[in-house]
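This report describes selected features of a predicted model.

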Amino acid sequence: MSAPFTAAEDSDCIMVIGARPEQNHPVAATYLKQAVKRGAKLMVFDPRRQELMRHATHPVMFAPGRDVPMLNAMIHTIIEEELFDAQYVQANVDGFEALRAKTRDFSPEAMAEICGVDAPYLRELARAFATATRSIIFWGMGISQHTHGTDNSRCLLALALPTGHVGRPGTGL
């Protein structure tokens, strides 16, 4: 982990995936709700509806087990629309061109039916995450303790690193 849940206080865009903070971490959920009240965007990704979605500016219900295509569609959008931080990538990211090549075929239009999220919404989510001044990702065991846990984790890293949302207050994983 590169940031504590209290970093939500400094975030402009908060992504929650593979976690149910209201059930498992109620104190952390309070920080997320307070961030929304002050104007932060809250994206809650879950194949099942969860209580935190009531507070989300961007609730996302996707097909179970389809995290990787969904996240790759967001990465595709960020790269295709050049929403990444080129200076940060040049200074801190290895393998960016390989990521570009790997996600070339994962457009939101190609992944929408697979992951169960409409292509325009996938693009909206990617843009919101990438263009926020400070975005942060909170993940739980629903990401890592999964058949595709390593791939899920890599996708989240591939969202945070190219956008430069690591190493500053209100950013990280």
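Cys 13 takes part in no disulfide, and the nearest cysteine sulfur, belonging to Cys 155, is 17 Å away. Cys 13 counts as buried, because its relative accessibility is 0%.

For Cys 155, the closest cysteine sulfur is that of Cys 115, at 12 Å. A disulfide requires two cysteine sulfur atoms within 2.5 Å, so the separation between Cys 155 and Cys 115 is too far for a bond. Cys 155 is likewise classed as buried, since its relative accessible area is 7%, and the cut-off for that class is under 20%.

## The largest pocket

Several secondary-structure elements contribute at least two lining residues each: helix H1 (21-24), helix H2 (26-37), strand S4 (135-139) and helix H8 (141-144). By residue class, the lining of the largest pocket consists of 15 nonpolar, seven polar and four charged residues.

## Gly 142

Gly 142 is located in helix H8, an element that supplies at least two residues to the lining of the largest pocket. Gly 142 is partly exposed, because its relative accessible area is 35%, a value judged against limits of 20% and 50%.

Leaving aside residues up to four places away in sequence, Gly 142 touches Gly 18 and Asn 152. Asn 92 lies 50 residues from Gly 142 in sequence, and their C-alpha atoms are 28 Å apart in space.

How values were computed. Residues are numbered from 1 along each chain as its sequence is written. This is a predicted model: local features need pLDDT of at least 70, side-chain atom pairs count only at pLDDT 80 or more; totals for chains, interfaces and linings use all residues. Side-chain values use heavy atoms; hydrogens and water are left out. Helices (H or I, at least four residues) and strands (E, at least two) are DSSP runs, numbered from the N terminus. Ala, Val, Leu, Ile, Met, Phe, Trp, Tyr, Cys and Pro count as nonpolar, Asp, Glu, Lys and Arg as charged, and the others, Gly among them, as polar. Buried means under 20% relative accessible area, exposed over 50%, partly exposed in between (1.4 Å probe, protein chains only). Contact means heavy atoms within 4.5 Å.
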